[in-house]
Structures are given as structure tokens and as C-alpha cells.
Amino acid sequence: METTETSLPVLKPADYASDQDVRWCPGCGDYSILAQMKKVLSSTGASRENTVFISGIGCSSRFPYYMNTYGIHSIHGRAPAVATGLKTVRPDLNVWVITGDGDGLSIGGNHLMHAIRRNLDFNIVLFNNRIYGLTKGQYSPTSPLGKVTKSTPMGAIDNPLHPLSIAIGCEAAFVARSIDVNIKHLGETLQRAAAHSGTSFVEVYQNCNVFNDGAFDYATNRDTKQDTTVELQHGKPLIFGKNRDKGIRLNGMEPEVVELGKGITEDDLLFHDEKSPEPTLAYLLSRMRQPEFPEPIGVFRCVDRTRYDDLMNQQVQEAREKAGPGDLRDIFHSGETWTVQ
Amino acid sequence: MATTETKISKPKVQLDRVTVRFCGDSGDGMQLAGNQLTNTSALMGNDVATFPDFPAEIRAPRGTKAGVSGFQIHFASQEIHTPGDDVDALVAMNPAALVTNIRDLRTNGILVVDQDSFDKKGLGQAGYSSNPLEDNSLNGYQLHTIPITQLTRNAVDGLGLSQKESDRCRNFFAMGLIFWLYDRPLDPTLRYIDEKFGKRPQIADANRRALKSGFHYGETAEAVATQFHVEPARLEPGTYRNIMGNTALAWGLIAAAHLSQKRLFLGAYPITPASDILHELSRHKRFNVLTFQAEDEIAAVTATLGAAFAGEMAVTASSGPGIALKAEAIGLAVMTELPMIVIDVQRGGPSTGLPTKTEQADLLQAMFGRNGECPAAVIAARSPADCFDVAQEAWRLAVRYMMPVFLLTDGYIANGSEPWRIPDVDSLEKIPIEHPGAAENGEPFLPYQRDERLSRPWALPGTPGLMHRIGGLEKQDITGNVSYDPLNHQHMTDVRAQKVANIANDIPLQSVQGPEEGKLLVVSWGGTYGACATAVQRAQAAGKSVAHCHLRYLNPFPRNFAEILPRFEKILVPELNMGQLRLLLRDRFLIDAVGLNKVQGRPFSVQEVLEKIEEITE
């Protein structure tokens, strides 16, 4: 049977690869993120010409060069601001911001904060490897206290930042976390981010096998990961552990780890609600850290908020509808004029 | 009905030009008074030039010297280019205003003071040990000691205003008196009052009464013996309006967007004295103007770069400190070869410097203030109205050569005003832009494939087949791929420089006002145009062998400029900096140029430039 529908050619993940050689260190977690990104674009049918990747500086920020889309490898920390200008004038484009813990939270902290609060419709993926890789191994704003690096031979003395807590504090409407080697989860998380309308902020635990190898072993090791992470699912209780016998319960304002059975049932546990209008729960989850707690992965928060790019273009539209498209003569002759014969 | 009012007939003296300055506390409404006198004079057909001068503090403590705000206006029956050197009439609303401004009043000039503000406290704040109104120290002026506060209170009596509200009408009394003195009609100001205070009829009425009261005071007070009249100037036929530099610049940008069929994106962070560009553009959204008030200067320029990549007219506007913050991103625009306008409304520096005062000390920052070999085009406006034309020229060059273009103005041009002959919209030159269309051949797009000007194609996201990546790493020419090849870096550095140099083929030849050769050539740029042009004209009238080149294009220079310079024995470069253009001229042309340099937060007077010309041509 003939069909009159014209079907667009289906792009395979490989069709999103540029002709440039990928130059990350062998074994870097970035490879996995790149592979998942191509899969997500392929499975969502994203058009290459309508997709733009914007990055700052750092290992992760080489990402745009490897994608056969439009892209800007900008300057250190400024990718969210570049994306803001781009998306404001071209709301039709699918925009991804690729950043790292140094790029996004140190030199570019200000832009990240304001991009998130404005809630433009783009996706920010922060590769968190808890180290400066491209400058060869200094501690980063997410490195733990006491971290010994080239620039901190006696241990880091500043308290680390927690990317998701920052994002939630900036009124983020979509906040998620995944792990480079947990490819199924990573793919699903990126897909959720792409589908969300508004700024999606995704933290990816990413292993730097050269300067900070094993930083996330606890969360990726086959033997431990089920006890050290808890997968968030909307409307479901927070249950984890190899035998799925542990859960998170709220004790007043504090979360606590409890064992199921012995009078504690699933109904006693904290149920995840990513749609909660208040960010309190999401923030509480973002504070759960090893070794006291399993670290949550998945979507922490997904709510709908007004978007800066929409409102900006709406105001222009409104002004044009109200007073008509501008005629230069109108402004030039506004106010008092006089004529010389 | 008979009237008992007697109108004293007073002689009326014709003058060619008059300079008036209002000064008082920053809450006294001096800017408003100056603007009203300016608009009225412009509507009467005079040529006008203005110089508002206000403190950086919004409201410094009342009555202090730090809080003095002034507005100078020059109106004439002939063409003028400056707000005037010496003041003919000075209105001082308090002792602090008097002590800080009296040195600019010419000998035997008219001095109007509000007697009521010369009390012990006011005199003390101004640092007077004795009252100048009584100690004969003002004998060299035509002093009018008028109880303006009391007369204003009398005028508004019965309207139920508080004393504070009554006293806020004092500026209208002062305006009224000056309007009578210089034979100006009250109608435009009365219309302004209706418009501005229409919703507060009581205040409107009070201001009207104060204005008329001041006018009648001039008419009837015996001490004010003479009235002056300035005929309309013979300006080029056309419809005119008065315009400030920042407004003209904003309108020029809107026009450029219209002429290039682009939407206009402005990325800006509030900064004196550039913020009015952001304010003005924000009012005109219906012209497809998108204004982004960024979180900082860096976000302002990088968002502008994003908008440029997306294919819209991209502009960022700031002043010196903000431009310093933008430097790295401007380098990225040079590297990625994207078109944008970088506006620098210069103010006194370094660092925070003198935020509300004028200076021309960012020329070298625009030329060189970035890492690496990073050339960009630089052009400058010469007067408030010129900002309109220069804005369009900046965009024309940015898109033809795919690069950031610096547009320099300064605080003096930004806040000053002059009559602007409104152009016929249809006569404005279009700014054509071409974007490459979709490619179907499956070959990788070549984003750095160059045309005869060495410009690269402006390929827009959304165009099938033209996907490409740009960035701050060095690019291989033609392909745009990252390249660390030594010879390619040399080649790309040369190309970026050559692109700027090629602009010289695309701009008008430099004109010379005066003889084609001679003893002295005055070379100026930016806001010093008026003082330099007027000084040269006066020197020429006095028989001096002197000519004038005023540069709009600073990088590159016009291609005939090198031939002009050697035809003169000496070159004088007056600048409101310590010799920045002079440094470039010495470097580029190996000439021993002489400077006239001043950084006092104030523009040149004509006299300062003229004296230097006379000294050199002795």
C-alpha cells in the first residue's frame, strides 16, 4: 500500500558525529556521555541543523567539536550566557549547554545561576569530575575538603559546592543527576531533560581516569552501587540496597536510613514527588551524600515555570500588536520638531 | 476692564549667541531647566549645543559642593559646535553652586542668585567665610540678588502645597526669568508642564505660576534693565528636532536593524553614562528590539555573541570599566569572525574613575585591550546627532567584514544635545546581508571560506547542511577546524589584520577643512570635534595657516590620510587623554605630532585649542 506521508530520513547515532577525531584521554567518562547524547538525539529525531551545542572551556567543553550540529566552543564559564543570547533570538533551536564543575561552578558560577533562574528553554549538562582536568589536576569547587592535588599538597581547605543544591537554590525547574557509566540511566535522564520545556539542569558524575580516577567508584562499583545510590522515581518510595531492603524515611525535617521489615513498611518511607511546587524535598535530596546516605540519581525536580525566551518574544509581539510594527518616522518625529524653510 | 499693571518698556539688544548655565543642588531641577531652555531655543530656530554636568552621587547631601549639578546651553543665530566657553548668564541656586561655577562666568556677565539660600548654613557648606552677596567680591558681574525661594512661595500660595513642594518649583521661577531675559516664549514649557504633571493638577498649576512669576519679574523689576534677542540660525532647510547623543545612537541602531532587515539584540549591564542606550532601546520593542539586561558585563557581551551566531543584529553597550570586562569575549568575536557592535561611551578612568565626567581615554583599550594579536575596527562619533549616522556605519562594517566594530562616544556626546535634521527614512542607505542557503551535497560546510574582502560566510543555525562549530581555539583557514599548525596560526593572524586593513577600501577619503597644505594641521577624533573645528575656523579667520582633519575612522585610518599629514609642517592632536591618538600617529606615520592633552572631566574650550594653535603658529 502506498502512503502519502513523507517520512524524514531517520538519523542514526553515528549521523550526529562530526568528522573530527575525538581527543579525550582513552578511558575518559566523557566518551560515554557523548555516545548517549548521540543516541538521545537519534531516538528523539532531533534535526542536526536545528541543534546547537554551546560550551565553555575545559575537557567537557570540547564536546561541540564532536557533534555534527551547530556549535560554539566559547570562553571559560560563559556558555550559559552565550546560550541565553542565542536562544532569546532563536527560540526555535534546540540548545544544549555543556559545562564542567570548574567551568560552570567556579569561573562561570554567576552565569549558571542567572541562566537557571531565567529558565530559558535549554538543557545544561554539567560533567562533574571533581577535578580540573585540562589544566592537569588542580582541585575544583566540587573536590572534597582535604583533597590533595598539585595546587593543594596539604589538602584542599575550601568546602565543596554541590551542583544540584546550587541549581535548586537558583529556582531550577528541572534538576537531575546521572552517572557516566550507568548508560541506560544516563540516556533516560538526558531524554527527560530534552523533553522538558525550560532550563534542564543535569549533573553527570564523570570519571577523570587520569587526574581523579575512581572518584565515583562507590557509585559505579558493581558490589557497592546499590547501597550507595538510590534511584528516584516519581511517586515511588525511596528504596535501595542490594536486597532492596533499605529505605529513606523522614524524621521531622531530617532524612534517615531505615531497614524495611520489623514493623517498617514501604508506606513509612519518603515518597518521591518531582512535581512538588516547593523545592524543599528536592533540596533535601540534593543534600544526601555518602557515606551517611545513598546518593540519589534520577530526576529530583520537574515543574513548569515561565520561560525568559518566551516572555521576551511575547513582549515584542505584544508591543507590535498594540502599537503596530514600528515606523522609523514615528520615533524620529515624536516630541517637538520645527521646520527650517 | 482696566488693568492697573504697568508694563515697563525695556530696550531689547540683539545678540549672535548666548551661553547660559543653570546650577544648583542635584535636587533643584537644573537639568530640567536646561532642557526646557534648550528645547525652546531649538524650536525658535536657534542652533543649540548643550553640556549637562552632574555629580556621580544621586543625591549628595543638600547644599554641599559635591551635590552641585549644572546644565550649560549655548544658543545662536549661526552654526555652533560647542556648548560655549565663557558663560554669559549664570543662575546659581545656592552658595555651593556659586562657588563652584563663578569662575566660568565672563567679566560683567549676568549673575542670578537665590538670596534666600545664602544663609549661614549654606555659606558654611560652600566654604564662604563672608557672604559674597554683601562683601563686594562679585562686583565684576551684573549681580541680581533675588529672593527666589520667597517669590516662588508667594506665587504658589493658596494651592495648598507644603513648603517643600513649593520650594521644588524654584527652578521654574528661575527659568521664567531667563526666558524673559532672552526673549523666549513660555509655550513649549507650558506644554511640557501639562504633559508631565497633567495627572497632578496642583503641581502643574504651581509650576505654571512659578514660571510666569519669574517671567513677570524680569518684565517688571527695575534692576533687570535690558532684554536680549537671538535671531534664528540659518540652518539647512528641513525638519529638525533636538536630540541627545545616547538617543541618537539608539535610534541609529534601530535604523540599522531596519535597513539590514534584522531584529536588534542589545546585551547590556547598567553603567553610567551608557545606560540610557539600554533605556531608550527598551522602549522600542515594536521595532523588533530585544534588550537583555544581563547579570554582568561579560554575560552582556557573550549573549550578544550568541545572538550574532544566531543571525541577528548584535550590539553591546557599556563604558570603560565594562569594556575591560568584555575584553576576552571581544577576542572570541574576533576569532569566530562574528559581526557585532561594541559601544563604549567613554568616561573618566582608570578603574571607576569619574563616572559622570567625560574623557577620551579608551581609544587604546579599543585598539589593543585584548590578549593576543586581536585587531578590531574602531570608529567614533563626533557629536550627539552624528551618533545616528555612526551607528549605521558600525553595523555596515561589522557585517561586511564579519568582525566586532568598536563605536566610541563619550559622556559629553552622550548627554549633550544639538539640533538634528530628521532624515528622510527612504533615503537611508540599505545594509544588505547575505546568508548562505541550504547545502544538499553532504560535503562538510566550509565556515572560513573567504570572499574578496576576506570575510567568511555568516551561516545561520537552522540551515540544512551548513552545520559547523566555531570557537576560541585557532582555526584552520577555510575548514574552520581546530588547528595548532604554526604556519596556519601565522596565516590566520595575518588574515585577521588584513581584514581590518581592507576596510580602508570601503570608507570615504579623509577630508581636510582649510588649506591642503600649510603650517599646522589639527587632527582630532570623537567629541572634541566642536571645540577643534571652531578654534581652527577662528584661527583661519585670523589669517593663520592651519587646517583641520577630524577622524571618524580610527582603525583603519582612511587610505589617503598618510598623504595628508606630510603636507603640513606641524601636527597638533588635541585629546581628552594623555596622547593616545598621538601615539598611534607617531607609530603609524613616524611623525612628530604635538599633543594638547587634558583629563579634567570636562571638554575642551574653544579658547584652549585656539591658544595652542596660536602658540604653535607664532
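This is a predicted model: local features need pLDDT of at least 70, side-chain atom pairs count only at pLDDT 80 or more; totals for chains, interfaces and linings use all residues.
Let's begin with chain A taken alone. Its secondary structure amounts to 11 helices and 12 strands, and its C-alpha trace spans about 95 × 65 × 45 Å along the principal axes. Of the 341 residues in chain A, 46% are buried. If you look at contacts between residues at least 6 apart in sequence, 66% of those in chain A join residues at least 24 apart.

Chain A is divided into two pieces by the domain assignment. Domain 1 of chain A covers 13-236 + 272-316, and domain 2 of chain A covers 239-271. The C-alpha centres of these two domains sit 29 Å apart. Their contact draws on 12 residues of domain 1 of chain A and 7 residues of domain 2 of chain A. On the domain 1 side, the elements that give two or more residues are α8 (225-228) and β7 (229-231) of chain A.

Now for the place where the two chains meet. Here 53 residues of chain A and 58 residues of chain B take part. On the chain A side, the elements that each supply at least two residues are β2 (70-73), α2 (79-89), α4 (109-118), α10 (308-323), α11 (328-332) and β12 (337-340). Which element of chain A gives the most to the side that touches chain B? That is α2(A), with 8 residues. By residue type, the chain A side of this contact has 22 nonpolar, 22 polar and 9 charged residues.

β12(A) and strand β9 (residues 238-244) of chain B run antiparallel, joined by 4 bridges. To find the pairing on screen, look for A:W338, which stands opposite B:Y240 in β9(B).

Take B:V405 as an example: leaving out residues up to four places away in sequence, it touches B:I341, B:A376, B:A377, B:I379, B:A394, B:L397 and B:A398.

Chain B is divided into three domains: domain 1 (12-230), domain 2 (241-427) and domain 3 (518-617). The C-alpha centres of domain 1 of chain B and domain 3 of chain B lie 36 Å apart. Contact between these two domains involves 5 residues of domain 1 of chain B and 9 residues of domain 3 of chain B. The side contributed by domain 1 of chain B is made up of 2 nonpolar, 2 polar and 1 charged.

One helix of chain B deserves a stop of its own. In α10 (residues 275-282) of chain B, the buried residues are B:I277, B:L278, B:E280 and B:L281. Because these residues cover an arc of only 170° around the axis, they fall on the same side of α10(B). Among the elements covering the buried residues of α10(B) are α9 (245-259), β10 (264-268), β11 (289-293), β12 (313-318) and β13 (340-346) of chain B.

Finally, the backbone. Most residues other than glycine have a negative phi, and most peptide bonds are trans. In chain A, a cis peptide bond joins A:Q290 and A:P291, with omega about 0°; A:P291 lies in the loop between α9 (280-286) and β11 (295-302) of chain A. In chain B, the peptide bond from B:T272 to B:P273 is cis as well, with omega near 0°, and B:P273 belongs to the loop between β10 and α10 of chain B.

Two residues of chain B have a positive phi without being glycine. B:Q261 has phi near 55° and lies in the loop between α9 and β10 of chain B. B:N288 has phi of about 60° and is found in the loop between α10 and β11 of chain B. Are B:Q261 and B:N288 buried or exposed? B:Q261 counts as exposed because it has 12 other C-beta atoms within 10 Å. B:N288 has 23 C-beta neighbours inside 10 Å, so it counts as buried.

Key. Residues are numbered from 1 along each chain as its sequence is written. Chains are lettered from A and ligands numbered from 1 in the order in which they are written. Ala, Val, Leu, Ile, Met, Phe, Trp, Tyr, Cys and Pro count as nonpolar, Asp, Glu, Lys and Arg as charged, and the others, Gly among them, as polar. Two strands pair if DSSP finds at least two bridges between them. A residue is buried if 20 or more other C-beta atoms lie within 10 Å of its own, exposed if 12 or fewer, and partly exposed in between; C-beta atoms are placed from the backbone. Domain bounds come from an automatic or database domain assignment. The arc is that of the directions from the helix axis to the C-beta atoms.
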